[in-house]
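Here is a short briefing on one protein chain. Please keep the model open while you read.

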Amino acid sequence: MLSIRKNKPQVMRSRYFFVFFYLLFATTLQAQIDFSVCNLTCEQEESPLGIDNLHPRFSWQVHAMSRNFVQAAYQVIVANTPEALLPEDGKKKLWDSGKVNSSESVLVPYGGKPLKSNTTYYWQVRIWDKNGQVSSWSTVQPFRMGLLTVSDWKNAEWIALEPDETGELVTTGIHGPLVQNKLGDTKIGMYQLPLFRKEFRLKKPLRCATAYISGLGQFEMFLNGKKVGTNFLDPGWTKYDKCALYVSFDVKEQLQNGANVIGVMLGNGFYNIPRERYYKMLASYGAPKMIMKLFLEYEDGSTQVITSDKTWKATGGPITYSSIYGGEDYDAGKEPEGWMQPGFKDKKWKDVLVVNNRIPLLSQRSTPLEIRQKLPAVQIFQNEKGDWIYDLGQNFSGVVKLTVKATGNQTVKLYPAELLNPDKSVNQSASGAPYYFSYTTKGKETESWQPQFTYYGFQYVQIEGAVPQGKENPSKLPEIIELTGLHTCNSAAEAGHFTCSNPLYNKIYDLIDWAIRSNMASVFTDCPHREKLGWLEESHLMQYSIQYRYQVARLYEKVMNDIRSTQAGNGMVPTIAPELVEFEGGFKDTPEWGSAFIIIPWYVYLWYGNKDLFSEYYPDMQRYINYLSSRADNHIVAYGLGDWFDIGPNSPGEAQLTSNGVTATAIYYYDVCIMEKVSRLLGYEQDAVKYKKLADEIKKAFNEKFFDKTTLKYDRNSQAANAVALYMDLVEPQYKEQVLLNLKEDIRGRNNALTAGDVGYRYVLRALEENNASDIIYDMNSKYDVPGYGWQLAHGATALTESWQAYGFVSNNHCMLGHLMEWLFSGVGGIRQAQESVAFKNIVIKPEPVGDITSARTSYASPYGLIRCEWKTTSSEFDLYVEIPANTQATVHIPCPDLKEITERGLPLWQRHEFEVLRQTKDEVVLKLGSGNYTFKAKGMKRFD
């Protein structure tokens, strides 16, 4: 992070060499200490831009060579420059925490002088161990604040190519079937997609350059002909009448001395949905528009600011149609050649329109979408109609990259789909039709193209107007050199990995993972084609499964803002957020969906240690609880969709086997119990007492309404009813054993077939695992002959389908039933968090060797570091490898009843002093241990058969 600036005074060079030798000395000193600080993050990101928290939070991890390491104290310092972090520059520091006696290393809040907009700061940390030894200082890490106030956007204007058609603005989307009744034949959303350009000059060496930009609905920014960043579909979609997001980029390396050009292309996204082809809904907030501010800081200390204003030029671009629901058309012949390069003659371009757009701008702090993977065709064939089909081998979210050779201007159309009809033509009937990509060639040479502002869920691509290279081509159509799938999804880093000896469960893992990835956009969507909406039940019911696989703390922060921007005045939370379209009935308001507003921040806190969501949203969360209370009749909430898509006698939809009052009231109770805990964390004791009283009243009413003390059954004795009652702790203690037995008997009585749906199935798995019945979970999910994961695989699914039955008339890329991912990590994989633990400070390692699974390897990158659990069994031995990160502790369950039959690194347990034996039962030995790597061997193991 340190550099010598040109023409700096000699004293600054001396300062640089002092810093160098200081760091060298510190590194030498570190060789005598066996622990160090690593993996520094600010606001859960390494070297972030666009921070909008006035008290940014710092996290770090500890690398320790010895076992049982616990951080005893820490010290964080923050300054304007790296040099000011040095000891002799103490007065120049913005914050020095001093030595704080604490093991805290996750989300430590800044406590210094006020931070300024558009300013880079530097920080580092050191720690002490329990013996008083201190580590060397960590590496210096920067973070840059975003634009914190409206005034920071001064002189930057929203610019557009065309004015808004005010008579056609539809800011609450209208659902497709209702469009004709409400809009008639009005053609909304038919705006040109503009190109913007601005040329400017650099005359001095740059120190840094930061761009802040928002383009609605989506934008791509270019500097001197090269795209800025790797983001896809920026910015994330929001409730556009409440807020929009801007994105921050470090662009120094893309600028050059002399002339430079900024180019910006805009797409519609959800901001403007054209009334052509397929549309799930119609909405328009106006014409595409953008705002930008580029800050240039020179080595000599001077600054320059480039803003979007009336001096920019604009024209219609080569994207002639783009819709988040309908596809994208690109006419390469309409590309203004060289428009992104200096010297381009733009006199024929229009002056931009400066438009009045008062929408609040927030920094996009969630991880952006990116191209995650390329999928080549695994098969190319002609269907019965003679059309060429490219099979990419996997149902995924994304676009295609087309490389084609043509003569003249010829149009190639590509129809993506996740299924094929019997004649092998593509089937878009359940994913939104018609949807297609269209490319019109220049015809001069081999050309490559990929859509920029749309995406779809598909496995197959049907070609119209072209043939694969080398095939018969009597009509001299364009030849496709290559067609590749580009899998686009949120770029959240992977957190966990799982594999085991059973191929079926590895396939289930992949099945669910593809659905998660395909639906992890700037919101957690239901499907990547037909709707692309943020249905909220998935965001909390699948939250543990998703968090085991991906680092989504920042994405969930955006989801919470989306929910608040959508919440109604009476406190109601709709089923989708952001609410880009208004549905009716249960699709508008259902407790199991809206309760995401209460459950999400609680799960984020448990996993990542983030309490800020409580402080930020507590009044709004209270309003939702009050709303549910207003809908209750004697504390029973009984409306909505219930256990959506359960397996009953009829086609799937609203709950068939469980009264919707069961799951709705259970979720209501769960919400209130969470609010009691949140109130105590925030110090609102009166609220906590109130919520405790309300929870007790709901529990009493629930049991009076739904539990029959004669038959000892809940409601209609469905799997969902019994499971939610058990998991939510609604069952009175004396009846728990019988209710659990009811659940088990229903499953076993159906030959281990499942019946629970979108809401209930997660709680079936949780109730069984928490009551040591993973053998039943294994048996339920090891079947191919009844609806479930195996059934979906047997019917050709490559991503999780919307229905257990893998029906073709609904989505075949849906993540709402992927709850088994959680059990693969926590049950078979054995990595859990102890009750009352936060951010995996206290870990539970409890692998469950069930069925014919003889080995498993599982890992999870927790806020404190990597957790690993790897085990394998033979007929006589159980091997267990455990890795516990520094500054945490773990409880390890070894499925062996005899302490004398267990060794660690070849030595009997009684000869090991690094851990404590907590208890020994007829099934297992339980140990308490600290950080480090452990290798256990046990004989006479207990299987969970």
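Arg-277 lies over the face of Tyr-436, 3.7 Å from the ring centre. The model is predicted.

**Charges over rings**

- Besides the contact of Arg-277 with the face of Tyr-436, Arg-631 has its charged end over the ring of Tyr-639.
- The distance from Arg-631 to the centre of the Tyr-639 ring is 3.8 Å.

**Aromatic pairs**

- The chain holds 62 aromatic pairs, counting rings whose centres lie within 6.5 Å.
- One of them is Phe-702 with Phe-706: the ring centres are 5.2 Å apart and the planes meet at 55°, so the pair is tilted.
- Phe-702 is buried, at a relative accessible area of 0%.
- Phe-706 is buried too, at 8%.
- Ring pairs also build a cluster. Its members are Phe-498, Tyr-509, Tyr-544, Tyr-548, Tyr-603, Trp-607, Phe-825, Phe-840 and Tyr-860.

**The chain as a whole**

- The chain has 17 helices and 47 strands.
- Its radius of gyration is 29 Å, close to the 30 Å from the globule rule for 945 residues, so the chain is as compact as a globular protein of that length.
- Along the principal axes, the C-alpha atoms fill a box of roughly 85 × 75 × 60 Å.
- Of the 945 residues, 62% count as buried.
- Take the contacts between residues at least 6 apart in sequence: 75% of these join residues at least 24 apart.
- The accessible surface of the chain is about 36100 Å². Carbon and sulfur atoms account for 49% of that surface.

**A loop residue: Asn-473**

- Where does Asn-473 lie? It is in the loop between strand S34 (467-468) and strand S35 (479-490).
- Is Asn-473 buried or exposed? Its relative accessibility is 19%, and buried means under 20%, so Asn-473 counts as buried.
- Which residues does Asn-473 contact, leaving aside neighbours within four places in sequence? They are Val-467 and Glu-479.
- Val-467 falls in the range of strand S34 (467-468), and Glu-479 in that of strand S35 (479-490).

Technical notes. Residues numbered from 1 in each chain as written. Predicted model: local features only at pLDDT ≥ 70, side-chain atom pairs only at ≥ 80, totals over all residues. Heavy atoms only, no water. Phe/Tyr/Trp six-rings, centres within 6.5 Å; stacked < 30°, edge-to-face > 60°. Buried < 20%, exposed > 50% of the residue type's maximum accessible area, 1.4 Å probe, protein only. Lys NZ or Arg CZ within 6 Å of the ring centre and 35° of its normal. Helix = DSSP H or I, 4+ residues; strand = E, 2+ residues; numbered from the N terminus. Rg over C-alpha atoms; globule rule 2.2 N^0.38 Å. Contact = heavy atoms within 4.5 Å. Areas by Shrake-Rupley, 256 points an atom, 1.4 Å probe, with all protein chains shown as cover.
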